[in-house]
Amino acid sequence: MSSPIRMCIVCRGRFPQESLLRLQYQDFKLQTFKGIGRSFYVCQNCQSAPKLSEHIIKVCRLDKKYKEMIKSALKEIFLYG
Ligand SMILES: [Zn+2]
């Protein structure tokens with residue numbers, strides 16, 4: 001059985017779901033997907049993309065003023081999962 005294919009929000013490439021980082025923005029916080037609500041995917045290459053936070057802001061329809069908050073949340077996610 002093959003895993004479902006999902007799209008990376010940054011490069012729009014399609015990858016097996018299990019190879020992607022799944023994130024969500026909920027309760028004013030960017031976090032790894034907790035199993036409920038809307039989520040989106042980032043491929044391994046794009047996890048270090050310089051414009052990752054801007055893509056997340058766009059996909060979550062956030063105000064640009066949250067860019068630093070998104071960046072620091074990403075830092076934590078990459079450090080601690
Ligand atoms: Zn990508």
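1. Phe28 lies in the loop between E3 and E4; helices (H or I, at least four residues) and strands (E, at least two) are DSSP runs, numbered from the N terminus. The model is a predicted one, in which local features need pLDDT of at least 70, side-chain atom pairs count only at pLDDT 80 or more, and totals for chains, interfaces and linings use all residues. Residues are numbered from 1 along each chain as its sequence is written, and side-chain values use heavy atoms, leaving out hydrogens and water.

2. Phe28 is not a glycine, yet its phi is positive, about 65 degrees. Its relative accessibility is 71%, so Phe28 counts as exposed (exposed is over 50% relative accessible area, buried under 20%, partly exposed in between, with a 1.4 Å probe and protein chains only).

3. Asp27 is in the loop between E3 and strand E4 (29-32). Its phi is also positive, near 50 degrees, in a residue other than glycine. Asp27 is exposed, with a relative accessible area of 68%. Most residues other than glycine have a negative phi.

4. Which residues have the most contacts inside the largest nonpolar core? They are Leu23, Leu30, Phe40, Val42 and Ile56, in a core of 21 residues. Such a core is a set of buried Ala, Val, Leu, Ile, Met, Phe, Trp, Tyr and Cys residues joined through side-chain atoms within 4.5 Å. Strand E3 (21-26), strand E5 (40-42), H1 and helix H2 (67-80) each give two or more residues to this core. H2 gives the most, with four residues.

5. Lys58 is placed in helix H1 (residues 52-59) and is exposed, with a relative accessible area of 69%.
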